[in-house]
Amino acid sequence: MLMSRQLRTFFEVALKKYASLLTLLCLLLSAAAQEGSNVSQRGDALLTQVHSDALEAQVVALQENVVAGFSLQALRTRSAHHREATENAVRYITRQFRRSPRLQVSEQVFGGVRNVVATLPPRSNSTSKRIFIICAHYDTQAIRDPNWNPLSSTAPGANNNGTGVAAMLEIASLLSRYEYDHELRFVAFGSEELGFLGSRQYVRSASAIKINGDTDPDLSRENIVAVFNLDMFGFNWKSDLVEIVTNNDSSWISRALIIANKWYDIGLKIRRSQDEFVDISSHKPFWDGGYNAVTLTESSTPWRDSQNYDANPFYHTAADTADKVNFRLVKKVTQLVLVTMDSLLTDMFHPMRQVPRLTLELPATTGESELEITGTFQSDFPIDIVVHPSQTEAIIDREARTYTARVPLKPGENVLNVVARYPLGVVSVVKSTILTQAFAWRDVVVFPNPARSGGLTEFRVEGNADITEMRIAIYDANGNLIKRIEGVADRLNQRLWRTWWNQQTSYGLAVSPGIYICHISVVSKGETYTYLEKLAILR
């Protein structure tokens, strides 16, 4: 019953989709006219063209893996060991790629493993040799099920990795409407679940690999600049989390994704895992081949709970079906990769690319210890803006080309460095302002912290002006007042005050181990100033 309902949904969505082919053809014809205008705003338009129902239809089609004919047999597996299922999945992916007339579709076959490659060639007058890749594996397995048989059991793989393949197919359909200076490839890998066989062979063919010390004369190393590997990112109903697995050399790609997420307000929560040894997916053969690659996934450990993610109980089981997938999340990840790739192809490697420009407006002096700063920027591609030394992320108004940020200041001169980051570099502007205050905390010490039970804790404060009074109020974690303590001035310096606490309550009872809140207040020139500090007491 579930299968027939999902098939019915698939066919209904498919009919709607093919009914809109005429509209898509019109868009293709108009794309060339749009190519030279509003390129910097194209990302916003691309976002609106990603639809959850289209992605769901692709995932259901991959899950069912229906063999064409009168019987419409649903194989419900894409196991690399199942020849008929593999061939049918390859036919489906090939048909989807060929819906885009500008994609050149081919197969890479070796030892029973089949990769499907769709190439969007660079514009005819381009001299660039750079290659960008978006890839996903299409094979499935259900090895966490008892007695699973790859030749006869089901492994629908809706999430792993129907979501990645669906996103890749949709991005291919959208980006193939445009011309770029660089080559873009979409690759569906086979036999990923058998030790990344598809991606390993692909990298072997792309690299000038030495065999027994000799380089194969039929191979020449391709200039692959960036690889976006999409692998299982649809099971999370707790948050819109996507994890980006990267190594040091590929960190610029993850930075591009993080910047685009904020620039376009996609709303994903991004976790970046930078680790040279994470080998959970098809990015690893590219790393081994010396290429930059990242994997986008729901979690690098989907079998384990982590922050903002509950373990996926359907991972590598026959229950990995489309009804378990959060297609809102799949849509957002698809949008993120779509606009990031479009920006990289359009702007980042353009020989006439202009770096961003910044201005910063600061008063010469201020009395505010937290100051709202403003400035303008000019950039034709996504950036983010961070203010140092506080590392405050600025709020960007793309339409007005302005940014704002609230930054903390210390008494005296404050040198602010506003940095605009983009995937391949940074630009900055530096200015200073002077914070003038009647009183400022020069030093606050609570020592030792953490402290052992039964010890003595010292409180010491120093200001930039004379202090006439000092009080300490100590509260427990529930907000109950434990002790009030008066401070004493240093005999030689009225700006320096001290006091001590013997870790007892007002009734002379020893306090229990735990966290305590110390409310420190001083009076200077008739005004009261306060400071809060945590104190941990151990056994």
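At what angle do helix H8 and helix H10 pack, and how far apart are their axes? In this predicted model, the angle between H8 (residues 251-263) and H10 (residues 327-348) is about 115°, and their axes lie 9 Å apart. That makes H8 roughly perpendicular to H10.

**Where H8 meets H10**
- The two helices, H8 and H10, cross in a right-handed way.
- On the H8 side, the contact is made by Trp-252, Ala-256, Leu-257, Ala-260 and Asn-261.
- H10 contributes Leu-336, Val-337, Val-339, Thr-340 and Leu-344 to this contact.
- Sorted by class, the contact of H8 with H10 has eight nonpolar residues and two polar ones, with no charged residues.

**A residue to look up in H10: Thr-334**
- Helix H10 is also where you will find Thr-334.
- Thr-334 counts as buried because its relative accessibility is 1%, and the cut-off for buried is under 20%.
- Leaving aside residues up to four places away in sequence, Thr-334 touches Val-50, Leu-55, Ala-167 and Ile-171.

- The protein has a mean pLDDT of 90, and 90% of its residues reach 70 or more.
- Residues 18-38 are a stretch to treat with care, as the pLDDT there is below 50.
- Beyond near neighbours in sequence, the stretch of residues 18-38 has 14 contacts in the model.
- Where pLDDT is low, the predicted coordinates should not be read in detail.

Terms used. Residues numbered from 1 in each chain as written. Predicted model: local features only at pLDDT ≥ 70, side-chain atom pairs only at ≥ 80, totals over all residues. Heavy atoms only, no water. Axes fitted to C-alpha atoms, helices over the stretch in contact; angles between N-to-C directions. Helix = DSSP H or I, 4+ residues; strand = E, 2+ residues; numbered from the N terminus. Parallel < 35°, antiparallel > 145°, perpendicular 65-115°, else oblique. Left-handed = near helix turned anticlockwise from the far one by under 90°. Contact = heavy atoms within 4.5 Å. Nonpolar A, V, L, I, M, F, W, Y, C, P; charged D, E, K, R; others polar. pLDDT = per-residue confidence, 0-100. Buried < 20%, exposed > 50% of the residue type's maximum accessible area, 1.4 Å probe, protein only.
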